[in-house]
Amino acid sequence: MVIEMIEIKEVINKRHLKKFIQFPNDLYKDNKYYVPCLFSDELANFNPKKNPAYAFCETRLFLAYKDNKIVGRIAGLISHAYNKKVNRNIMRFTRFDVIDDIEVTKALIGKVEEWAKSRGLNQLMGPIGFTDIDKQGMLIEGFEEMDLSITLYNNEYYKNHLEQLGFRKDADWIEFQIYMPEKMDERLSRISEAVQKRYGYHRVNFKNNKELIPYAYKALQVINEAFYGLYGTVPLTQEIIEKAIKEYIPIVNLDFTIVICDKNENVIGFGLLMPSLAEPLKKSNGRLFPLGIFRMINALKKFDILEMYFIAVKPEYQKTGVNAIVMEEAIKMGVKNKVKYAETGPELDYNSNVIDQWKSFPSRQHRRRRSWIKDIE
C-alpha cells in the first residue's frame, strides 16, 4: 500500500501567493454556486504594503501538497487590535479551502496551531479576516444557493472536518433575500416621513461621486460606532477607511448610496447597496482582464439583484427611526430601478435589531455561516 505524504509549504513569494489565491478557483471550477474573489483584490489583501490592516495584523499563509499537487490552503492571522480589545490570546484563520480529506485539514490546522503556540496564543477562531469588511464565516447552510461577491463559498464537508478536529460554534451569521415590492409600502413611507419631520433627519443627495467623498469618511466612522460591540470587529483605522473609499467610490451607484444626516448635517446613518457582481466575477474567474472589467462595468449599469454591503446607524440614533428612512429610500430606489431582490449578506443571528426589520418584507432566509473556535492544547 502506498501512503501519500502531505507536505505543508509556507507562501513566501508572489508566485506562491498566486497559487494560494487560485486554488479555490480550481477546486470549485465545476461548482455553479461558487463565486471567485477578485484576484487583484486578494493579491492586495495579503500585501503588507497595500493592506493597512497589517499595521495591527500578522499573517502566515500555507499550502498543502500531495504528490506535488496543491490540495489545500489556509492563512493564520493574528489581529493584535482584536486581542487587545477583548483581552484574549486568539489566532484567527481565514482563506481555508481543502479537498475532502480530513488528514489534509488536520495538517493545515496543525500548522496554524503550531505558529499560535510559538506566539503564546491559546485559541483558534475563524474563518474570519482582517476586519469586519473582510470576508468571514464558513457556509454551513445554503450550499445550493448562488454565492455573493462579498462572501466565500465552501462545500459541506468543511463543517464535518472542523467538528472532527474539536471545533465548536463561536458565532453564526444568517442571510436573507429581500424581495422588492412593485410599489412603495405606504406604512413605511409614513413612518419615514414622520421621523424626518419630527427630528429634521434627511437624505443627502449627490450629483456625482466627488460630492460623496467627504460624507463617505463620516459614514465609515458611523460603521465603527455601530459595529464596535459586534463579534470579531475592530475599529477601522483612517488608513483602512481611505483605502475603502478609494476602492468603492468609483463603482458606487448613487441611487443606492444612502447617507442620512440630522438637521446639523451630522452623518447619523448610512446604507450602501451595490449591483451584484457575482455573475461577472464567475464568468471571468475573478480576473479583470481581458473581459472581466467590461463584464463588471456592464453589471453595474444593468442589474436586477442588489447586495447589501453596509447598513449602519449611530448607536444613539438607532431607536429614533433612522433605519426606516434608510429602508424607505432603498426600496424607493429598488422600485425605480426594477430590482427583483436584495441579498443582505451575513448578519449575526443574535442581532435582532437588524433581523427583525426583515419581518415586514417578503423575504427568505437561505444561508448560514459559522465562525468556529477551538482551544489550542
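## Terms and model

Helix axes are lines fitted to C-alpha atoms over the stretch in contact, and the angles between N-to-C directions run from 0 to 180 degrees. Helices (H or I, at least four residues) and strands (E, at least two) are DSSP runs, numbered from the N terminus.

This is a predicted model: local features need pLDDT of at least 70, side-chain atom pairs count only at pLDDT 80 or more, and totals for chains, interfaces and linings use all residues. Residues are numbered from 1 along each chain as its sequence is written, and side-chain values use heavy atoms, with hydrogens and water left out.

## Helices α7 and α8

Two packed helices are described by the angle between their axes and the distance between the axes. Helix α7 covers residues 209-227 and helix α8 covers residues 238-248. They pack at an angle of about 125°. Their axes are 10 Å apart. The two helices are therefore oblique to each other. On this scale, angles under 35 degrees are roughly parallel, over 145 roughly antiparallel, 65 to 115 roughly perpendicular, and the rest oblique.

Which residues meet? From α7 come Ala216, Tyr217, Leu220, Gln221 and Asn224. From α8 come Gln238, Ile241, Glu242, Ala244 and Ile245. Contact means heavy atoms within 4.5 Å. The contact residues divide into 6 nonpolar, 3 polar and 1 charged. Here Ala, Val, Leu, Ile, Met, Phe, Trp, Tyr, Cys and Pro count as nonpolar, Asp, Glu, Lys and Arg as charged, and the others, Gly among them, as polar.

## Helices α4 and α5

Helix α4 (residues 102-118) packs against helix α5 (residues 157-164). The angle is about 60°, and the axes are 10 Å apart. That makes α4 oblique to α5. This crossing is right-handed.

On the α4 side, Ile102, Thr105 and Ile109 make the contact. On the α5 side, the residues are His161, Leu162 and Gln164. The contact of α4 with α5 divides into 3 nonpolar, 3 polar and no charged residues.

## Salt bridges

How many salt bridges does a search of the whole structure find? It finds 30. A salt bridge is a side-chain nitrogen of Lys or Arg within 4 Å of a carboxyl oxygen of Asp or Glu.

One of them joins the side chains of aspartate 97 and arginine 73, at 2.9 Å from N to O. Aspartate 97 lies in strand β4 (residues 90-98) and arginine 73 in strand β3 (residues 69-79). The partners are 24 residues apart, and the pair links distant parts of the chain. Both aspartate 97 and arginine 73 are buried. Buried means under 20% relative accessible area, exposed over 50%, and partly exposed in between (1.4 Å probe, protein chains only).

Aspartate 304 forms a salt bridge with lysine 340, with the closest N and O atoms 3.5 Å apart. Aspartate 304 sits in the loop between α10 (292-301) and β11 (305-313), and lysine 340 in the loop between α11 (322-336) and β12 (341-343), so the pair ties together parts that are 36 residues apart in sequence. Aspartate 304 is partly exposed, at 27% relative accessible area. Lysine 340 is exposed, at 53%.

Arginine 367 and glutamate 343 also meet in a salt bridge, at 3.0 Å from N to O. Arginine 367 is in strand β14 (residues 363-375) and glutamate 343 in strand β12, 24 residues apart. Both arginine 367 and glutamate 343 are buried. Elsewhere, salt bridges that share partners join Glu141, Lys169, Asp172, Asp349, Arg368 and Arg370 into one network.

## Backbone details

Where are the cis peptide bonds? One runs from glycine 126 to proline 127, with omega near 5°. Proline 127 is in the loop between β5 (123-126) and β6 (138-141). Another joins phenylalanine 289 and proline 290, with omega about 5°. Proline 290 is in the loop between α9 (278-283) and α10.

Asparagine 68 has a positive phi of about 65°, although it is not a glycine. This residue is in the loop between β2 (57-66) and β3. At 69% relative accessibility, asparagine 68 counts as exposed. Arginine 95 has a positive phi too, near 50°. Arginine 95 belongs to strand β4 and is buried, at 2% relative accessibility.

Key: Left-handed = near helix turned anticlockwise from the far one by under 90°.
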